[in-house]
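Here is a short briefing to read alongside the model. Please keep the sequence and the 3D view open as you go.

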Amino acid sequence: MALFDRYLIVDWSARNELSSKTPSADALWLCEARRDGVTISCGEPEYFRGRSELMAYLKRRLTDALDAKERVFAGFDFAFGYPTGTAAKLAGGDQWKDLWAHISTVIEDDEQNRSNRFAVADGWNKTVFAGKGPFWGHPPSQTF
C-alpha cells in the first residue's frame, strides 16, 4: 500500500527570467502521480515558464488534495538545509521556521521570474558570514 495518495515532483529552475514559450531544459517542470487502488499512475510532466505560475498551480493542486483529505508527497530539487546556526545569525531564532519566515520577507520574486536572491545571498555572505558565507554564487554577469 502506498504511503501517499499524490506525489508532486518539481524540477525547480533558478532562471531569472521567464523560460521560453516552448518547453526548454532550464525551466520549471512538475510531474504528478496519483494512487489508484494499489497502483500509482503518473501523467506527463507539465511545463511552467515561471515560478509564479508554478506556485499558483501547486496551491490549487495542494488545496484539492487537502479538500479530498489526501496525503501528498511533494519533492523539490532545491536545498532545504543550511549550516548549523544560520537561523540564529540571519533570523534571530533557532528554528527552520524562523529562517524561512525571514527569507520570505527579503527575497522578492516577480511575475516575470526576476528575483533579488543573488543580491540577498551576497549580502548575507558579506555581512553575516564575513565574506565566507555558505550561500550560492551568482552568474558572472551579475556583480554586487
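Strand S1 (residues 6-11) and strand S2 (residues 28-36) run antiparallel and are joined by 6 bridges. S1 also pairs with strand S5 (residues 72-76), this time in the parallel sense, over 5 bridges. This is a predicted model, in which local features need pLDDT of at least 70 and side-chain atom pairs count only at pLDDT 80 or more, while totals for chains, interfaces and linings use all residues. Residues are numbered from 1 along each chain as its sequence is written, and side-chain values use heavy atoms, with hydrogens and water left out.

**Strands and overall layout**

- Two strands count as paired if DSSP finds at least two bridges between them.
- On the S2 side, arginine 6 stands opposite arginine 34; on the S5 side, isoleucine 9 stands opposite glycine 75.
- The protein has 4 helices and 5 strands, where helices (H or I, at least four residues) and strands (E, at least two) are DSSP runs numbered from the N terminus.
- Read from the N terminus, the order of elements is β-β-β-β-α-β-α-α-α.
- Along the principal axes, the C-alpha atoms fill a box of roughly 55 × 40 × 20 Å.
- Of the 144 residues, 31% are buried; buried means under 20% relative accessible area, exposed over 50%, and partly exposed in between (1.4 Å probe, protein chains only).
- Among contacts with a separation of 6 or more, 52% come from residues 24 or more positions apart, a contact being heavy atoms within 4.5 Å.

**Salt bridges**

- The whole structure holds 9 salt bridges, each a side-chain nitrogen of Lys or Arg within 4 Å of a carboxyl oxygen of Asp or Glu.
- Glutamate 70 and arginine 6 meet through their side chains at 2.3 Å, N to O. This pair links distant parts of the chain, with glutamate 70 in the loop between H1 and S5 and arginine 6 in strand S1, 64 residues apart.
- Arginine 6 is buried, with a relative accessible area of 5%.
- In another salt bridge, aspartate 64 and arginine 61 meet at 3.1 Å, N to O. These two residues are 3 apart in helix H1, so about one helical turn separates them.
- Aspartate 64 is partly exposed at 35% relative accessibility, whereas arginine 61 counts as buried at 18%.
- Salt bridges with shared partners join Arg6, Glu32, Arg34, Arg61, Asp64 and Glu70 into one network.
- Aspartate 26 and arginine 15 also form a salt bridge, their closest N and O atoms being 3.6 Å apart. Both residues sit in the loop between S1 and S2, 11 residues apart.
- Aspartate 26 is partly exposed at 40% relative accessible area, and arginine 15 is partly exposed at 21%.

**The largest pocket**

- The largest pocket holds about 1100 Å³ of space. On a 1 Å grid over the protein atoms alone, a pocket is an open set of points where a 1.4 Å probe fits, with protein on both sides within 12 Å along at least five of seven lines; lining residues have an atom within 4 Å of a point. Points are joined across faces, edges and corners, and the volume is the space filled by probe spheres set on them.
- Its lining has 29 residues, with Trp12, Arg51, Phe78, Trp100 and Ile103 nearest the centre of the pocket.
- Helices H1 (51-67), H3 (96-106) and H4 (117-127) each supply at least two lining residues, and H1 gives the most, with 5 residues.
- The lining divides into 19 nonpolar, 5 polar and 5 charged residues. Here Ala, Val, Leu, Ile, Met, Phe, Trp, Tyr, Cys and Pro count as nonpolar, Asp, Glu, Lys and Arg as charged, and the others, Gly among them, as polar.
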